[in-house]
Every structure is written in structure tokens, then in C-alpha cells.
Amino acid sequence: MNIPKITISPRPNVGKALLAGGAVLLIVAALLAWSYDSTILGDLSISGNPAPLQEFAIVMGVVGLIEAALVHRRLTSLSWWDTTSSARALAVGTLVYIVLIDYNIAYQSGGVINLDPGAWLALVGALVMVAGSFLLAPVKVTNQLKVHGANWLEIVVITATLAALLFMVAFILRGDDGGSVLAALAAGGTFGVLLFRGGFFTWLSVAAARHRPVIMLGALVVALLFPLTQNGTDANMSIAVDIAIFLCAALGLNIVVGLAGLLDLGYIAFLGTGAYVGAMMSSAASATIGWHPPFLVVALLGALTSAVLGLIIGSPTLRLSGDYLAIVTLAFGEIFHTAVNNMDGTNGPDLTHGPNGIAGIPDLNLFGFNFGSTHNLGSFTISNYSNYYILLVLVAALIITIFSRLNNSRIGRGWIAIREDERAAEAMGVNIFGLKILAFAGGAFLAGLAGTIQAHATPSVVPDNYTFQESSFLLAAVVLGGMGTVVGVALGATVLKLLPEKLRFIEDYRLLIFGLALVLMMRFRPEGLIASRRRQLEFHDEDENLADIVQEEHVDEQKANA
Amino acid sequence: MTAMLEVKDLSVAYGKITAVKGINFTVEEGQVVTLIGTNGAGKTTTLRTISGLLRPSAGEISFLGKRIDKVQAHSIVTMGLAHSPEGRRIFPRQSVEENLMLGAFARRDRTDIQADLKEAYDLFPILAERRKQPAGTFSGGEQQMLAMGRAMMSRPKLLMLDEPSMGLSPIMMKKIMTTVRTLQKRGTTILLVEQNARAALKLATHGYVLEVGKIVLDGPGPELLVSDEVKKAYLGED
């Protein structure tokens, strides 16, 4: 996310001309053929009929032209937009995008010789854009936090941003080979970084704080609309269900780790508890408990069982401060895995069928709505997995609501105090043990709830779904995305679950890549991809500018609340 | 009249080491009582035990006629006993206002909290000016003001201050001591722990001198100030 700062004596006029020229070259190139072979990356072989990937190149070119036009004629209404930084992000992103596509064409068709002129021209255009953008002079922008648009305008922009997000995600998922997905990701990343460097997201975060209901509702609608982009097919929806379950668990863990600051290394066991309770009490042939109450009862029981387990392991350990909790939860995760592996009738009671797990769990049927069949909504088809997806989105929305209510409450303030200085918090009258156990058992409850749905959404519940590796992935999602923020965790969970599914070729290296990514994150952005400002301050407390920003936002938030 | 705070035969031990060895003292309503002594005399240990952060190995502590030596720390705060800890222990990444609100954590009366917030700002105008600033960026004296303001936010009947003058400039120390006097006039009872014997005794209705876990001397503040033993041991005069 950091564009290296190269100091070249700026020549704004030359830079502007080069940026515009490169952008024009790029647009022209996108209208030409890039490859002889029509099977590579969609069809890039027809001149004058751009494929989706080429259309993105056109958009990049057009944005480049707009940026060039903005270099000198600085509109007062856009004085907060950092033209130079965003133009550099755009140019570098475009270059990466074009190189990825060209590499893919060359790789698949057997050599750079097979690149058509369009591909070469696009590469030249991108290079010229990069050169131009680095010749631009740094600009001084007005504080994005102080820009207030008209109410309707802010709401429109928020809605449009969410719609663009939905479109981008649907597009990335449409790719069925690694190359297309990677290219689409690069395009999405380019636009994201462009807006970030320009200062759009800073503005958006403040605007969103002013229109919290709009963004919450909008995000929910976008998430619910997503199945409609899939034309009733299940390929992506099954991945989406996996992500949604993972996300629910990560959001629960976010309360435990992100708000209360309790390091839980065995969190997946709580999801597993819910899933096993759901499976054992389902009407599957292999279910081990003879009582089959309605799902709502099972869901509640699963969640409560999880919470009770949380109380049992939490109450002795949470009285201690320090790393004991991490060690105990790590052990608890292992105990859970070993226990469900062994409760097969020979080593213990036959509750879980050991390593075979409980299979053939029937689909959910809630209030006469059968999750196993497809449903029609006008001309759209809602597939089997989409049903679960929608249910899980609603559960996630519930967890997010709980999270944000807690975060801004007296309890949330108590958690912050505990995280910062446990002893001082105690002297202030904060019930340390009570608040910690509330976070810990509450997190377990939410994971258990998600688990009971998981039991029905996946065909079988087996011990190997609940290993330490899964726990560490959950934690990685929280840390990578940004502890204590909902958007960050959603991003982290999606990235960690989606990439291995879509980019099959990295499967073998995925642990290596995630490990590397985490190390780099800790070095360069320890607060996570999307951090709450306060969190950012905790990691960079010498940054006075940041302290000012936090102060500003705080004032804005209070005004919005008043 | 029974004393507001009554400490009877209190002993506190860290493992095998006994830091406080059977001390007795009382704090009456409206008084400023001070515990003075050198490093390691057991002053901070005594305060931490009273506020429930440490448990006594023997003895009794009563506050407003109720035994509190087995009550949890957070409940003691609710009873009206506030503790401004040694080294200030403010929350450095929280803003001034958030720090103050955390001081009122044990209370649930919202409107009164707002009134007290205003009172804290009246007491320390500098806090009002910087209400949104992270507290970690403050100087030592400002942090001490914040710590005192924060302790006052629980609306205590008894305020315990642990070395408020630690590491402060003489001017800032004077300001802090004046505030202690102001708080007393407003009706807050104060238990003050200090190494700076002279400043503390000037204010104190009653003073206790602690030496390695025992009370060796006590009496009204002004009397102790002129007593030969105190002069020799703590004020460096012959």
C-alpha cells in the first residue's frame, strides 16, 4: 500500500503531458488485439471489441486523463483530493495490471513473441504514465476530515461506493482461471489504492460516521444482493458460504481479541462445539442424540454449550494477567480436536463417530422455508447455497450490531481501559474479571451459533475442520484486516478464504505466503490493513499529526451523535 | 462518631516478605490525613490494600463502618473510596475526556456525571482546553492533574492520593497541594501518601510516620512538622 517515495525534481508540465499521453496510448491499446489466442483470459484477440479486462484498461486510461486534467486546474470542491499521490498509485497499479496480463498471455501461448501489438502498446502506455506521474509535484491538500458535502451527495457517494464494491467482487469471482482472477484483483487493488492515496477513504470514513445507518443498511443490501450476480449457480456461492461462516467466527473473535484484548488461540473449538451440537441433534441418520428439536432450539443449545465451555476454561485463567490465556486456549483447541476424534464408542462414548464425523446432515428447514432447494425471486434464481449465505449474512449483521453497540458503550470503555492498563482500570472501579469473562464467553456464544449453521451448510462435520491451523487463520484474518474494526476483519476473512479457493496455484504455498504477509504487515503496518484510528495511535503514539486527526474525528463523531 | 476509615492491626505480605507490620490508623470525615515515610516504608502497599488491589495477611479495614478487606476492588470504588495510584497511571492513548469518563466508570447516573465533568474542568482549566488530546502527550504535572480529576470523577467520600508530587517541579507541586486543600474545603476527605514530608504535613490534620512497615510516630500535622525526630529524619535539619 506504500508507494515508495522517489525524489525527482518535479516537472509538473512534462509530467502532466506524459500522464495524459500514456493514458491515451492505454485507451488506444485497449481497442486493439492483445493476443492471437482467443481462449486466454476471456477473449483478448479481437480489435475494436474490448473484453472485460481491456475495458478495465480503458477505465484506467480515462481516470489517468482526469487526473492529468486535475493537475493544474484545482477545483475548490476537490481541493482535498491528492492528485499526485493518487496518480502515482494509478500508474503503478496500471503497470502491474498490464504486466500481469502480458505475462499471462506470453506464458499460456508460449513466449513474448505471441503478444499482439495491443499488449505491447498497453505496456508502453502504462510505463509512460508511471514516468509522468513521478514527475508531478507533490500537492498540499486541505484536510479531508473537514470536507463536508451536502447530505444527499454524501449518501449518493456512499451508495455508489458500495455498488462499485459489489460489482468488483462479482467480477473478480467470475474469473475461473488463476490469471483472470489475479488480473481482476490487480484492477480492483489499483482502484482501491488510487482512492486511498487520493484521500477518498479518509473522507468516506468521516462521511460514513455521519450517516452510519446508511452505510450499515447499504452494506447489508449489497451483501444480500450478491447471490443475484451469480445466476443461480453454486460454484461461487459455496465459497461464499465458507467465507461467511469464517467471517462470523472472525467477527466473534474480533470482540475477544480486538475489543477486550484477550488472545484466544483455540477459538475454532467454539465453532466446532456449535457444529457438533448441531450435527448430533440434527435428524441425520448418523446423529448420535435421539432428540431432534427445531433448529432454533438447537442453535441456542449449541451457542450455550459453547459459552459454558468458555466459562469453564475462562474462569480460572482470566483471573491471571499475561499470556496464560493464550496457552490455555491453545491447549483447549487441541483437547477439543483430540476429544472429538476419540469419542467414537471404543475410546469413549459414541458421540462424534471419531474421525469419520457426522455425515449426511439434512438441509435446514426454517418456518417451512427449505434451504436445500432453489427458490425463484422474479427472474432470479436463489440457489441452495445462496439460502445459507443469506442466513449467514443476517447472522453476521447481528454480530456486527452487537459489536458496534458494545464498542461504543460503557462496557466497551471498560475493555479499552483493561487493554491499556489493567491495574489502573481496576483502581477506577472496572470489574476486570467480569468484563473479561463477558467478552470471552460472549465470543464463544457467537461462534457456537455460527457453528450450528455450519453443521447444516456443509455436508458433514469432521474433526479435521477444527484444527489449530484454522484457529490461527482466524486470528490472522483479524490481525491482517485490522483488529477492532468490522470492515478490516471482513476484508481479512475474505482475502484469507477466497484467495486459496480462486488462485489454486498458490495452494501449496499458501502458508508460506500468509506467513510472509503477516511478517511484512507487522513491520510496515502493525495496525492492520484497515485500522481504527485509535488502534493506529496505539502503534504510532509519537505521531502528533495522527493524534490531531483522531481528535478531529472524535469531535465530528460527537457532533454527529448530538 | 466512628471514623470514616479505620485500619486495625493491618499486615500485608508479598510472599514471605512482610511489607506492612500491624499498623493502626484512622481517618475522620473532613480531615486530610497523611502517611509519610521513606522508600520501602510500606506507604503505597497500605493504600493498595485499602483499595482492594492487595489482600491483607492480617488485620481489618473498615470504611464507613463496613469491613472492606475482603471486598473486590471495583466494589470498593462504588462505596465511595477513590484511589489515584502511584505514578499516575493515566491511560496514555485515551483522550482527557475519556480518561475522566473512565474515572466515573463505577457510576450510572449520567446527568450527574456531566456535572462532575464540568467541575473537574473548573478545577483544572488546562484539562478543558485539551479535552480531546491523548493524555500520553501531557507533561508530568498535567498528568497528575488528570489523575486527580479522574479520581474525583467517581465522586468519592474518601480520596486516596499516592505521591501526587512525585517528579514534579516546585511550582507544579505547589499547585497540586493547593488543589488538595481546595478539595478538602469542598468536603472531600483525603488520605495523602507523600515522601515530601514538609508539603504533606503543612496540609495535614493528622500525620503518621511509617518506617519499615511500622508507625513510629503520629500527631497533628503542624506538630509533626516541628518535632525534632521528623526534622532530623525527613527534613534534613539538625
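Author: The buried residues of helix H11(A) pack against helix H10 (268-280), helix H12 (324-342), strand S1 (365-366) and helix H16 (432-457) of chain A. The model is a predicted one. The buried residues of H11(A) are Phe295(A), Val298(A), Ala299(A), Gly302(A), Ala303(A), Thr305(A), Ser306(A), Ala307(A), Gly310(A), Ile313(A) and Gly314(A). An α-helix has 3.6 residues a turn, so residues three or four places apart point the same way. The helix itself runs over residues 295-317, and its 23 residues should span 33 Å at 1.5 Å a residue; the end C-alpha atoms are 33 Å apart, which agrees.

Ile215(A), Gly218(A), Ala219(A) and Ala223(A) are buried in H8(A). These residues cover an arc of only 130° around the axis, which puts them on the same side of H8(A). They pack against helix H5 (151-174), helix H7 (200-210) and helix H13 (384-407) of chain A.

The axes of H17(A), residues 468-481, and H19(A), residues 510-524, come within 10 Å and cross at roughly 35°. The crossing of H17(A) with H19(A) is left-handed. From H17(A), the contact takes in Ala476(A), Val479(A) and Leu480(A); from H19(A), it takes in Phe514(A), Ala517(A), Leu518(A) and Met521(A). By class, the residues of this contact are 7 nonpolar, no polar and no charged.

The contact between the chains draws on 23 residues from chain A and 25 residues from chain B. On the side of chain A, the elements that give two or more residues are helix H14 (410-420), helix H15 (422-427), helix H20 (533-539) and helix H21 (544-561). H14(A) supplies the largest share of that side, 6 residues. The side of chain A that touches chain B divides into 9 nonpolar, 5 polar and 9 charged residues.

In chain B, helix H4(B) covers residues 110-123. It has 14 residues and reaches 20 Å between its first and last C-alpha atoms, close to the 20 Å expected at 1.5 Å a residue. Asp116(B), Leu117(B) and Ala120(B) are its buried residues. Viewed down the axis of H4(B), they fall within an arc of 110°, so they line one face of the helix. Thr111(B), Asp112(B), Gln114(B), Ala115(B), Lys118(B) and Asp122(B), on the other side of H4(B), are exposed. The cover over the buried residues includes helix H3 (96-103), helix H5 (125-129) and helix H6 (140-152) of chain B.

Two of those covering helices also pack against each other: the axes of H3(B) and H6(B) are 7 Å apart, at an angle of about 35°. Their crossing is right-handed. H3(B) brings Val96(B), Asn99(B), Leu100(B), Leu102(B) and Gly103(B) to the contact, and H6(B) brings Leu146(B), Gly149(B), Arg150(B) and Ala151(B). These residues comprise 5 nonpolar, 3 polar and 1 charged.

Some loop residues of chain B complete the account. Most residues other than glycine have a negative phi. Arg88(B), which is not a glycine, has a positive phi of about 75°. Arg88(B) lies in the loop between strand S6 (81-84) and H3 of chain B. Arg88(B) is buried, because 24 other C-beta atoms lie within 10 Å and the cut-off for a buried residue is 20 or more.

Val212(B) likewise has a positive phi, near 30°, and is a residue other than glycine. Val212(B) sits in the loop between strand S9 (206-211) and strand S10 (214-219) of chain B. With 14 C-beta neighbours inside 10 Å, Val212(B) counts as partly exposed.

Leu64(B) occupies the loop between strand S4 (58-63) and strand S5 (66-67) of chain B. Leu64(B) has 16 C-beta neighbours inside 10 Å and so counts as partly exposed. Neighbours within four places in sequence aside, Leu64(B) is in contact with Met4(B) and Met79(B). The C-alpha atoms of Leu64(B) and Gly80(B) are 9.4 Å apart, with the two residues 16 apart in sequence.

Key. Residues are numbered from 1 along each chain as its sequence is written. Chains are lettered from A and ligands numbered from 1 in the order in which they are written. This is a predicted model: local features need pLDDT of at least 70, side-chain atom pairs count only at pLDDT 80 or more; totals for chains, interfaces and linings use all residues. Axes are lines fitted to C-alpha atoms, for helices over the stretch in contact, and angles run from 0 to 180 degrees between N-to-C directions. Helices (H or I, at least four residues) and strands (E, at least two) are DSSP runs, numbered from the N terminus. A crossing is left-handed if the near helix is turned anticlockwise from the far one by less than a right angle, and right-handed if clockwise. Two residues are in contact if their C-beta atoms, placed from the backbone, lie within 7 Å. Ala, Val, Leu, Ile, Met, Phe, Trp, Tyr, Cys and Pro count as nonpolar, Asp, Glu, Lys and Arg as charged, and the others, Gly among them, as polar. The expected span of a helix is 1.5 Å times one less than its number of residues. A residue is buried if 20 or more other C-beta atoms lie within 10 Å of its own, exposed if 12 or fewer, and partly exposed in between; C-beta atoms are placed from the backbone. The arc is that of the directions from the helix axis to the C-beta atoms.
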